[in-house]
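Subject: Handover of a structure model

Dear colleague,

Please find the structure below, together with its sequence. A description of the findings follows.

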Amino acid sequence: AIVRHYKFNVVMKNATRLCSTKPIVTINGNFPGPTIYAREDDTILVKVVNHVKYNVSIHWHGIKQLRSGWADGPAYITQCPIQPGQVYVYNFTLTGQRGTLWWHAHILWLRATVHGAIVILPKLGVPYPFPRPHMEQVVILSEWWKSDTEVVINEALKSGLAPNVSDAHTINGHPGPTQHCASQEGFKLQVEAGKTYLLRIINAALNEDLFFKIAGHKLIVVEVDASYTKPFKTDTILIAPGQTTNVLVKANHLAGKYMVAASTFMDAPIAIDNVTATATLHYTGSLGSTITTLTSLPPRNATFLANNFTNSLKSLNSPKYPARVPKKVDHSLLFTISLGVNPCATCVNGGRVVAAINNVTFVMPKISLLQAHFFNISGVFTDDFPEKPPRVYDFTGKQPSNLRTNKGTRVYRLAYNSTVQLVLQDTGMIAPENHPIHLHGFNFFVVGKGKGNFNSKKDPKKFNLVDPVERNTVGVPSGGWTAIRFRADNPGVWFMHCHLEVHTTWGLKMAFVVDNGKGPNESLLPPPSDLPKC
Ligand code: C2O
């Protein structure tokens, strides 16, 4: 294992998409930002220098940060933001991790343009558990707004209503040639006939679940969220914000150009961005302008297709890569995921849309939770997060008379190395919607999922404790539930939130505090000396 150094200059840069130009926040002037390449067990040092007017922080999404929570990145959770003109060096080790992950800004809505890939290869000499691809390619799916995203969210917060949807999706930074600005060249992936390619697909969009497919080509899923899966063949993958998916694609035609598309999955009857991003798979040497297009894109409400895909995901669970699913449970938790409305005199409808877990709308603290925890600073959070919903919901989607939520900076405390079963139940109080829930600091196993209300007697009998998929971000289905299990073997403060940025902003977030264990290797390391101050 070696130490790798990166320098991230946070700088403004003008970018033109959809025939209009705006200044965006970038890393080193690039959108998407630079890829971090490493091998399993390497140590990464990223020096972040803030040259813009915003406070920034960077999160390394899916990196476990074993005992190094100070480098996790969510602002006011594990660190104070890096203020304009300041510098912070993120220092972490990729212990036992390999695969595709990504990094993104974790403050305000800056992650709209501040994001990039993390590619972790296996240790030298260790092969993939699938045929070696001829070449690898990072594919980042994202969204584009013509206006400034900070303005978009601030206007929404002022009005109390939902923010505007994006103007386009992008594939590696470009909406693609089918968009109304014909001059836009889309992303082009060059392939050679007969060869196999590994695509490392990342959904960096703020607010959209996406389907991804390639005309005339099958995708073989081999990894999600940097965990190997049992390989399976599919026409279409579903990928939620925060998730990553590695697929093998065989260039099994002789020549030609084939359309690649990312289109929206949303099964709720609410406003969405319907614009499909496209790119081209281009066989080397193919001339002419004929493109094999996708004759059918999945409809936006293709719930059946979405379920089919997620139900096919299983851990590889081979002797080399066993699935270590916790068999016994120390903490059994039921968290509801819901939207609500709180009174707001200055808002357009006299109310403000909010979101909550167990009816608690999370309020950001003034200093980071991790500092408060480590230095025993009282008055920053309370550790009384409810382990069950505090009131009985009608989970069937009927709107209750009272949509109010409670506010609080409340955390749930876990003993070191205890095991957790967490059922995430969508209540559909305002509208049912798929919520991609992301947990920092851990991978978890997705042991079950279902429609309607979770039944604590019957449903656990059907849990998959053998080869459930292991990941860091999971969709909680509209009007349904998902059950996960993990072992709290990482001391620190770990954020959990919906990866739809609008829901995070509305308060769909909470944190776990994992206490130090007894051994010298079971405690959180002290903070680095350059940790930003609030
Ligand atoms: Cu990818 Cu808390 O974020």
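Domain bounds, as used in this message, come from an automatic or database domain assignment. This is a predicted model, in which local features need pLDDT of at least 70 and side-chain atom pairs count only at pLDDT 80 or more, while totals for chains, interfaces and linings use all residues. Residues are numbered from 1 along each chain as its sequence is written.

Domains

The assignment divides the protein into domain 1 (1-128), domain 2 (130-315) and domain 3 (331-522). Between the C-alpha centres of domain 1 and domain 3 the distance is 25 Å. In the contact of these two domains, 16 residues of domain 1 meet 17 residues of domain 3 (contact: C-beta atoms, placed from the backbone, within 7 Å). The side of domain 1 that touches domain 3 comprises 7 nonpolar, 5 polar and 4 charged residues. Here Ala, Val, Leu, Ile, Met, Phe, Trp, Tyr, Cys and Pro count as nonpolar, Asp, Glu, Lys and Arg as charged, and the others, Gly among them, as polar.

An unreviewed UniProt entry lists "domain: Plastocyanin-like" for residues 10-123, 137-286 and 385-517; such positions are given in the numbering used here, feature names are shortened, and annotations may be inferred rather than shown by experiment. Residues 10-123 are 0% helix and 46% strand, with end C-alpha atoms 31 Å apart. Residues 385-517 are 5% helix and 41% strand, and their end C-alpha atoms lie 21 Å apart. Helices (H or I, at least four residues) and strands (E, at least two) are DSSP runs, numbered from the N terminus.

Axes are lines fitted to C-alpha atoms, for helices over the stretch in contact, and angles run from 0 to 180 degrees between N-to-C directions. Strand E19 (residues 277-283) is joined to E11 in the parallel sense over 4 bridges, and Leu281 in E19 is the bridge partner of Leu189.

The other open sheet has 6 strands, ordered E10-E9-E12-E17-E14-E15, and its pairing is mixed. E10 and strand E15 (227-234) are the edge strands, each pairing on one side only. Neighbouring strands are turned by 25° against each other on average, direction ignored. Strands E14 (residues 219-224) and E17 (residues 244-250) run antiparallel and are joined by 4 bridges; Val224 has Thr245 in E17 as its bridge partner.

Buried elements

Pro175 sits in the loop between strand E10 (168-171) and E11. Pro175 counts as buried because it has 27 C-beta neighbours inside 10 Å. The cut-offs are 20 or more other C-beta atoms within 10 Å for buried, 12 or fewer for exposed, and partly exposed in between, with C-beta atoms placed from the backbone. Trp144 is 31 residues from Pro175 in sequence, and their C-alpha atoms are 8.1 Å apart.

In strand E30 (residues 480-487), 7 of the 8 residues are buried, so the strand is largely enclosed by the rest of the structure. E30 pairs in the antiparallel sense with strand E25 (residues 419-426) over 7 bridges, and with strand E27 (residues 444-451) over 6 bridges, also antiparallel. Within E30, Thr482 is the bridge partner of Leu424, and Arg485 stands opposite Phe445.

Yours sincerely

Key
Pairing = 2+ DSSP bridges.
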